[in-house]
Amino acid sequence: MALSIPLVWSDDHRLHDPDAEIWVGIRTPAAEVPARAEAIRAVLVSAGAEVVSATPHDDAALAAVHDEALLAFLASAWQQWEAAGLLDDPGQNRVVPYIFPHPGLLDGLEPLVPAATWARPGAFCFDTMTLIGPGTWEAARSAANAALTAADLVSAGRAAAYACCRPPGHHVTRSAYGGSCYLNNAAIAAERLRALGAARVGIVDIDAHHGNGAQQIFWDRDDVFTGSVHVDPEAGWFPHFLGTAAERGAGAGRGANRNVPLPPGTGDADWLRSVAEIAQAARSHGVEAIVLALGVDAAAADPESPLQVTEAGYREAGRILASHDLPCVVVQEGGYDLGSIGGLVLATLEGLEEGLDTGA
Ligand code: SP5
Ligand code: ZN
């Protein structure tokens, strides 16, 4: 039987080819490559998924979650880099930060806006691994459009929709990008669901890495619950500086953030218990819809994380989410093993479909 959850897609993801990641100062091959989205699409299309084109949405939807300064930087960073001659001297073909307005540098002073083009990326990027090239902005914009289109479908009555977002988004905060992400597609989708009528929305992040972006964006709000299950940053994993269970939100948002960090090597049983705990916490918070930040990098074969989840585990995660009978926007995050990511996404969507009335 054909998959009834629609696949929201844009060819423009191909315009972003980061080429490399700079890790401990060394240029290494990029993990977040165009072939990822193509691999997922191929499997979902074989399963009979209806392909829906991402429709353009205006910048107001991005400004609902990101600072204007970040958006303006991302939109013009490549052109500025090129115009400054950095492709020839020193010969850097991607936008890469080199100095950061570290709190220990400024000690409370307001940072300058750097006059030098090569100094500006550090004002907006928190790592050296998230490179900007000629089509990065157009691709990131198309990924946000895919998430928005999926949110529109769900708001209009579909039980679930899947946005094949690339580049991914869950590490991006209100004002800073990183972790191979440029725009927070899941947060943008959550705000869209709210704008179209859901009073409370939950973001459930099952990517192998902490969903630090949505946590920060919605930290002091109770209308968007955020939860993340991920490999424990305190055991040595990205994003390294945050992602503990003690982070619970503040002010009106106190209690509306939930983190479940897991030890390296964790497999299906403990991971699924954690997924269930977060889904239950979202439900108890009174959410009317879910955004599932679906990273499939928690799978055993993934080169970027030490979690050991199986395809059957991802299928069960889909069922668990569906058991709360809430409409669900699924947004693609990480997942880097090209041979298995398509099957992992399909299994999750099939699990979701089993539990939801998606018209199948
Ligand atoms: C969306 C997503 O899954 N982002 C995760 C990015 C985490 N990357 C951290 C990489 C740490 C260093 N990996 C070494 C391999 C060098 N190519
Ligand atoms: Zn990840």
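Author: A cavity is a set of grid points where a 1.4 Å probe fits but cannot get out. Keep that in mind as we go. The model is predicted.

Reader: How many cavities of 30 Å³ or more does a search of the whole structure find?

Author: Rolling a probe the size of a water molecule over the atoms shows where empty space is left. Here the search finds two cavities of 30 Å³ or more.

Reader: How much space lies in the second largest cavity, and which residues line it?

Author: About 50 Å³ of space lies there. Follow the lining along the sequence. His16, Pro18, Ala20 and Glu21 belong to it. So do Ala30 and Glu32. Met129, Thr130 and Leu131 join them, and Ser180 and Tyr182 complete the list. By class, this lining has six nonpolar, three polar and two charged residues.

Reader: How much space lies in the largest cavity?

Author: The largest cavity holds about 70 Å³ of space. Its lining has 16 residues, and those closest to the centre are Ile203, Asp205, Gly211, Ala214 and Gln215. Find the elements next. β6 (201-205), α7 (212-217), β7 (224-231) and β8 (257-262) each give two or more residues to the lining. The largest share comes from β7, with three residues.

Reader: How do the residues of that lining divide by class?

Author: Ten are polar, four are nonpolar and two are charged.

Reader: Now the open spaces. What volume does the largest pocket have, and which residues lie closest to its centre?

Author: A pocket is an open set of points, unlike a cavity, which the probe cannot leave. The largest pocket contains about 1300 Å³ of space. Among its 45 lining residues, Phe126, Asp127, Phe238, Pro239 and Phe241 are the closest to its centre. β2 and α7 each supply at least two lining residues. β2 gives the most, with three. The lining divides into 22 nonpolar, 16 polar and seven charged residues.

Reader: What takes up space in the largest pocket?

Author: Ligand 1 does; the space it takes is the largest pocket.

Reader: Which residues come nearest to ligand 1?

Author: Look for Glu21, Thr28, Gly179, Asp297 and Tyr336, the nearest of the 17 residues around ligand 1. β2 (20-23) and β3 (26-29) each supply at least two of its residues. By class, the shell has seven nonpolar, six polar and four charged residues.

Reader: Which atoms lie at 3.0 Å, 3.1 Å and 3.3 Å from atoms of ligand 1?

Author: A polar contact is a pair of N or O atoms within 3.5 Å. Start with the backbone. A backbone N or O atom of Gly179 lies 3.0 Å from a nitrogen atom of ligand 1. Now take two side chains. A polar side-chain atom of His171 is 3.3 Å from a nitrogen atom of the ligand. Asp297 places a polar side-chain atom 3.1 Å from a ligand oxygen atom.

Reader: How much of the accessible area of ligand 1 does the protein cover?

Author: On its own, ligand 1 has 510 Å² of accessible area, and the protein covers 82% of it.

Reader: What volume does the second largest pocket have, and what lines it?

Author: Its volume is about 510 Å³. It is lined by 19 residues, and Pro111, Leu112, Val113, Pro114 and Ala123 lie nearest its centre. α3 (68-83) and α4 (103-106) give two or more residues to the lining. α3 gives the most, with three. The classes here are 14 nonpolar, three polar and two charged.

How values were computed:
Residues numbered from 1 in each chain as written. Chains lettered and ligands numbered in written order. Predicted model: local features only at pLDDT ≥ 70, side-chain atom pairs only at ≥ 80, totals over all residues. Heavy atoms only, no water. Near = heavy atom within 4 Å. Polar contact = N/O pair within 3.5 Å; in protein donor to acceptor, adjacent residues only side chain to side chain. Areas by Shrake-Rupley, 256 points an atom, 1.4 Å probe, with all protein chains shown as cover. 1 Å grid on protein atoms, 1.4 Å probe; cavity = no way out; pocket = protein on both sides within 12 Å on 5 of 7 lines; lining within 4 Å. Sits in = over half its atoms within 2 Å of the grid points. Helix = DSSP H or I, 4+ residues; strand = E, 2+ residues; numbered from the N terminus. Nonpolar A, V, L, I, M, F, W, Y, C, P; charged D, E, K, R; others polar. Points joined across faces, edges and corners; volume = space filled by probe spheres on them.
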